[in-house]
Amino acid sequence: PWNAVVVKKLRKGITALQADMKAMNNRIRQYEAYKHVSTTVQGFSQTLPLIQDLRSDALKERHWKELLSPRVLAVAIPLSDITLGTLWNGDLQRHEAAVKDIIRTAQGEMALEEFLNQVRQQWTEYELELVNFQNRCRLIRGWGDIFDKLDDNLGSLATMSHSPFYHVFAETATTWTDRLTALRVILFTWIDVQRKWVYLQGIFFGSADIKQQLPKEFGRFKTIDNDFVALMRKVSYKPAILEVAAMPNLQRQLERQDDLLNKIQKALGEYL
């Protein structure tokens, strides 16, 4: 059975056959049967590199279907019934160019698949780094690392689209590009909101005079403060970045807070 083939053992077996045949006397080596078997065993030996490549995990069901198709080996049996003999009888040597082309495609696709799996694993497991802030909530830090990872992955996904093997993974790659782009937009707004909130809470909660002089802005800030602290507490419970990004209306909430903080900051600047 093909799934039981171990190339190292196969090579050892073929080498032993060749040695046995060389040890035969000249009288036997003159027979046509000897020449036929010798040629057959030599063919086994020459196809070993292809056999080794075909044992690669890179070959998926779609590659095997193409390999067994009338265009290549023309073998009409189920994949589960393939044996080593199936491939040898299909004359691998004669179809070497087509077989190598399928192997190259499988290896190229495997590289893209492994990259997409890395992207999925990285962002599925990634948790936001949080730091305590005045015992009120925990704030996000390590923004540079997050944006570096996002830009690196988005750049690689864009480069991947130029690969000749891209079409197989186009849907998955597009999904991750959209998810990471949306995540970047959310975080870009979030870092701005957090920075302004830290600055303004220090002013409003640290100065009774400004509270009295700007009661309208202080009231607005109190509302934002409550919403922002509540948001950061939710994040503390579940800091997985994709779960955080999936919070309902998160982008709209952050944009609203950013807009109000800008207005408060403008009024504060005019007052000062």
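# Briefing on a predicted protein model

Thr189 belongs to helix H8, which covers residues 170-204. The structure is a predicted model.

- With a relative accessible area of 12%, Thr189 is buried, because buried denotes a value under 20%.
- The Thr189 side chain comes to 3.1 Å from the backbone oxygen of Val185.
- When neighbours within four places in sequence are set aside, the residues in contact with Thr189 are Gln251, Leu254, Glu255 and Asp258.

**Gln122 in helix H6**

- Gln122 is located in helix H6, and that helix spans residues 96-125.
- The relative accessibility of Gln122 is 29%, so this residue counts as partly exposed, a class that lies between the 20% and 50% limits.
- Lys149 and Asn153 are touched by Gln122, residues up to four places away in sequence not being counted.
- Between Gln122 and Lys149 there are 27 residues of separation in sequence, while their C-alpha atoms are 9.4 Å apart in space.

**Loop residues with positive phi**

- Most residues other than glycine have a negative phi.
- Asp91, a residue other than glycine, has a positive phi, near 60°.
- The position of Asp91 is the loop that runs between helix H5 (84-89) and helix H6 (96-125).
- Asp91 has a relative accessible area of 31% and is therefore partly exposed, since that class lies between 20% and 50%.
- Gln134 also has a positive phi, near 55°, and is likewise a residue other than glycine.
- The loop that holds Gln134 lies between strand S1 (129-133) and strand S2 (137-141).

**The largest pocket**

- Rolling a probe the size of a water molecule over the atoms shows where empty space is left.
- Sorted by class, the residues lining the largest pocket are 5 nonpolar, 2 polar and 1 charged.

Methods
Residues numbered from 1 in each chain as written. Predicted model: local features only at pLDDT ≥ 70, side-chain atom pairs only at ≥ 80, totals over all residues. Heavy atoms only, no water. Helix = DSSP H or I, 4+ residues; strand = E, 2+ residues; numbered from the N terminus. Buried < 20%, exposed > 50% of the residue type's maximum accessible area, 1.4 Å probe, protein only. Polar contact = N/O pair within 3.5 Å; in protein donor to acceptor, adjacent residues only side chain to side chain. Contact = heavy atoms within 4.5 Å. Nonpolar A, V, L, I, M, F, W, Y, C, P; charged D, E, K, R; others polar.
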